[in-house]
Amino acid sequence: LGTWWTDTAARRLLDMSFAHHFVDATVVLLIPKPTATEKLFSWTRFLDPFDSTLWYMLIGGLLFNAILSFGFQVLSNSTLRNTFEQFCRERDSNGANQLLSEFGNHLYVSFGHFTAAGDGFEPRSNFARVHTLTWAFLVVIVMASYTANLATFLISENTATNDLNTIDQMRAAKKPVCVYSTSAGGMRMLAEFPDLNVVESYPADMPALMRNKTCVGAAMS
């Protein structure tokens, strides 16, 4: 086999000499072509780009940002500050309703930054302006990360992949591998991986064995 494969007339004309013939016993691992699995529709699919911990942090950040912006508004607006002081003294329902309404507006604007909705904050003090710029920068980073993760998620979701791609993975999973044990490569596989779950078969039968799930892969040489 080595002479037939390496020593040819065409190669001799190129002054190529093969004084020592060889047999290529390189093992090639074949695996079935992966097929994409259709996933069921889910209303929560839009949440998949971020894990649950990050979503909780974002919700907490929205609330914290609304509280900060509401506090800056109370400090910079004399009318609202007077209403807040009066509510602290008298606990009247009218003041509570006004403060809750104002806080709800800040919560709406804080959430609206993520969806480009609302008119945005109107900071009056320097601290409020710094806070608004910091929050806007954070929103840009979060939205860019979400968009990138969403694109990666959609691409990977529709890309078919195999869970077992190497001999080591197949050995660890104890999955059967088709091997032609009488070939040079097959004998090498049996010698190097004695714990491999081997299904002895001829090369011509290996594609059918992989199609009917008898083997997860085929080692050929």
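The model is predicted: local features need pLDDT of at least 70, side-chain atom pairs count only at pLDDT 80 or more, and totals for chains, interfaces and linings use all residues. Residues are numbered from 1 along each chain as its sequence is written, and side-chain values use heavy atoms, with hydrogens and water left out. Helices (H or I, at least four residues) and strands (E, at least two) are DSSP runs, numbered from the N terminus.

**Helices H4 and H5**

- Helix H4 spans residues 78-90 and helix H5 spans residues 93-115.
- Their axes come within 9 Å and cross at roughly 130 degrees. Axes are lines fitted to C-alpha atoms, for helices over the stretch in contact, and angles run from 0 to 180 degrees between N-to-C directions.
- That angle makes H4 oblique to H5. Angles under 35 degrees count as roughly parallel, over 145 as roughly antiparallel, 65 to 115 as roughly perpendicular and the rest as oblique.
- The crossing of H4 past H5 is left-handed (the near helix is turned anticlockwise from the far one by less than a right angle).
- H4 contributes Leu 80, Thr 83, Phe 84 and Phe 87 to the contact (heavy atoms within 4.5 Å).
- H5 contributes Gly 95, Ala 96, Gln 98, Leu 99 and Glu 102.
- By class, this contact has 5 nonpolar, 3 polar and 1 charged residues. Ala, Val, Leu, Ile, Met, Phe, Trp, Tyr, Cys and Pro count as nonpolar, Asp, Glu, Lys and Arg as charged, and the others, Gly among them, as polar.

**The sheet**

- An open sheet holds 4 strands in the order S1-S4-S2-S3, with mixed pairing. Two strands pair if DSSP finds at least two bridges between them.
- Strands S1 (28-30) and S3 (198-200) are the edges, each pairing on one side only.
- From one strand to the next, the twist averages 30 degrees.
- S2 (residues 177-179) and S4 (residues 217-220) run parallel, joined by 3 bridges.
- Val 179 stands opposite Ala 219 in S4.

**Lysines with positive phi**

- Lys 174 lies in the loop between helix H7 (167-173) and S2. Its phi is near 60 degrees, a positive value in a residue other than glycine.
- Lys 174 counts as exposed because its relative accessibility is 55%. Buried means under 20% relative accessible area, exposed over 50%, partly exposed in between (1.4 Å probe, protein chains only).
- Lys 213 sits in the loop between helix H9 (206-211) and S4. Its phi is near 70 degrees, again positive in a residue other than glycine.
- Lys 213 is exposed, with a relative accessible area of 69%.
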